[in-house]
Every structure is written in structure tokens, then in C-alpha cells.
Amino acid sequence: MLILPRSARDLGAELVRVGGVGDHVHIVTTLSRTLSQAQLVEQIKKTSSKWIKTVGASHRGFSWQRGYAAFSVSPSQLEAVLQYIETQQEHHRTHTFQEEYCELLRRHGIDFDERYVWD
């Protein structure tokens, strides 16, 4: 379970929803007017990495991948996104994260080279 760091909340981000499966996580938050997406993600990764390494010896080697993806969500689509996050386990029985992510990029016309998408 990923915990949104208190320091992120202190920076003005409010947690809306967290969910995912073994190989990725979805976090929906608000974003403060004085905080960049990169700063928020850095804070979440740093704080959660420190925390998970205290959980037990099997987690001491944990590290996040270098990159991340960040998307804005229209208020009219927020409920659909939250529902999508709630059904991650079921959804990924038929589509891998990698397949779904590449399809999302294609659907929205984002050029990418798959050699550089994954660590």
C-alpha cells in the first residue's frame, strides 16, 4: 500500500485516490499552484521509498523506476478515472500495464519510442 506522504499534503496536494497492482500505481491528487508535478512525484517516491524499506528485510532493495507519467483529469471525467482505479485488479487480468499504456499514448497521438518508455 502506498501512503501519500504527509510532506506532499504539507505542500498543498490533497489525496483523492490511490490504487494499482503489483507493477504500477495510480495516484489522483490535486496539485497546489506553487508545486510542480515533478516536485510532487519526487516527494511521493522519496518518502514512500524510505517508508517501505523499514517494513522488512524483503523490501530493503525497493526502488521506483526512474520515470513516471502524469495526466490532468477534467472534473467531468474524474468519476470515470476513480472507477478505473478501483477496478485495476480485474482490468489487468486481460491487459498488461505495458499494453494499456502504449495504447493510451497512441490513442492520444503522443509519439514515443518504446525502447525509452520502460526502465
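**Salt bridges and overall fold of a predicted model**

A search of the whole structure finds two salt bridges, a salt bridge being a side-chain nitrogen of Lys or Arg within 4 Å of a carboxyl oxygen of Asp or Glu. The model is predicted, with local features requiring pLDDT of at least 70 and side-chain atom pairs counted only at pLDDT 80 or more, whereas totals for chains, interfaces and linings use all residues. Residues are numbered from 1 along each chain as its sequence is written, and side-chain values use heavy atoms, without hydrogens and water.

**View 1. Salt bridge between Arg17 and Glu86.** The closest N and O atoms of Arg17 and Glu86 are 3.2 Å apart. The pair links distant parts of the chain, 69 residues apart: Arg17 belongs to strand 1 (residues 15-21) and Glu86 to helix 3 (residues 78-86). Helices (H or I, at least four residues) and strands (E, at least two) are DSSP runs, numbered from the N terminus. Arg17 counts as partly exposed because its relative accessibility is 25%; buried means under 20% relative accessible area, exposed over 50%, and partly exposed in between (1.4 Å probe, protein chains only).

**View 2. Salt bridge between Arg115 and Asp113.** The side chains of Arg115 and Asp113 meet at 2.5 Å, N to O. Arg115 has 63% relative accessibility and therefore counts as exposed, while Asp113, with a relative accessible area of 30%, is partly exposed.

**View 3. Arrangement of the elements.** The protein has five helices and two strands, which run α-β-β-α-α-α-α from the N terminus on. Of its 119 residues, 25% count as buried. The C-alpha trace spans about 40 × 35 × 30 Å along its principal axes.
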